[in-house]
2 protein chains.
Amino acid sequence: MEQTFTLQTIGYIEKNETESYIQLLPKYIEALEGVAGFSHLKAIYWLDGMDLPEMRDILQVASPYKKAPEILGVFATRAPVRPNLLAVSTVKIVTLDEAIGRIQIVSIDAENGSPLLDLKPYTPSEDRVEVPIVPEWSAHWPKNVESSEAFDWSKEFNF
Amino acid sequence: MEQTFTLQTIGYIEKNETESYIQLLPKYIEALEGVAGFSHLKAIYWLDGMDLPEMRDILQVASPYKKAPEILGVFATRAPVRPNLLAVSTVKIVTLDEAIGRIQIVSIDAENGSPLLDLKPYTPSEDRVEVPIVPEWSAHWPKNVESSEAFDWSKEFNF
């Protein structure tokens, strides 16, 4: 049985050339109580540029990665083409302004204006795998978020 | 500007007393191409038991954790009460049956029958924070998913 569910926008990703922010809508600001103290959050947002019925039916894509097999299922990638346009990014908090519901983050691989859907704390017991195994084609990628920023990703992607 | 988006069920979480599975609907099976080789996936599912308008308006909750402040915003917890009922679990693959779209996983903190929304590969460069900081009240929790299973969580939760 297929069912559908409805998501509501709780804020937006805001980016310019040098800075990235999570901006909550005013009614959701009180849900930040207790977020102070976490270094990282998981931001869940909607890949709204791909929200077309014909795009959501695409289940395999030409690999976005140079060293991967030519075709990958969307569940093996973070391609912004998938049945539900959910993106999950681990973001490092720079500053948290609880009064206006604005969080400056180090960076995020999102488009400016992407609708925000949820925030969750990054909890090592639930989110940090000590020894993850990945396919051969990505085994040389950085082993953590911290070292990912200095990595030359241009050699990995087909775009 | 608030917008709404529609999610479609792509499968279900199936659990019994000893085993946990992700079961895809037949039409989505081909999206598994290339998943073999990853030890862990992130499963995104819908907390459908809480999908009532009055529940989705609750933004602060009595803390589910014994040692935390009494009240926490839902963005500081994984409480199944939040504006959008999205849950993200990191799951370890036991077996992947690509023919029938069934993945046995070690365990998942979900209800049997929860609607599945997306699967993404666990990629260390995007998902594994080497040195996460958490609030004092959770600083003694396990430092990774592997050690979380043997931890006595009954001393941490208020239920």
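Asp109(A) sits in the loop that joins strand 8 (102-105) to strand 9 (115-121) of chain A; helices (H or I, at least four residues) and strands (E, at least two) are DSSP runs, numbered from the N terminus. With a relative accessible area of 71%, Asp109(A) is exposed (buried means under 20%, exposed over 50%, partly exposed in between, with a 1.4 Å probe and protein chains only).

This is a predicted model, in which local features need pLDDT of at least 70, side-chain atom pairs count only at pLDDT 80 or more, and totals for chains, interfaces and linings use all residues. Residues are numbered from 1 along each chain as its sequence is written, chains are lettered from A and ligands numbered from 1 in the order in which they are written, and side-chain values use heavy atoms, with hydrogens and water left out.

Over all chains there are 20 salt bridges (a side-chain nitrogen of Lys or Arg within 4 Å of a carboxyl oxygen of Asp or Glu). One of them pairs Asp127(A) with Lys42(A), with 2.6 Å between the closest N and O atoms. This pair links helix 2 (residues 124-127) to strand 4 (residues 40-46) of chain A, across 85 residues. Asp127(A) is buried at 3%, and Lys42(A) is buried at 3%.

Lys67(A) and Glu156(A) form another salt bridge, at 3.2 Å from N to O. Lys67(A) lies in the loop between strand 5 (60-62) and strand 6 (71-73) of chain A and Glu156(A) in the segment after helix 3 (145-148), so the pair ties together parts 89 residues apart in sequence. Here Lys67(A) is partly exposed at 45%, whereas Glu156(A) is buried at 3%.
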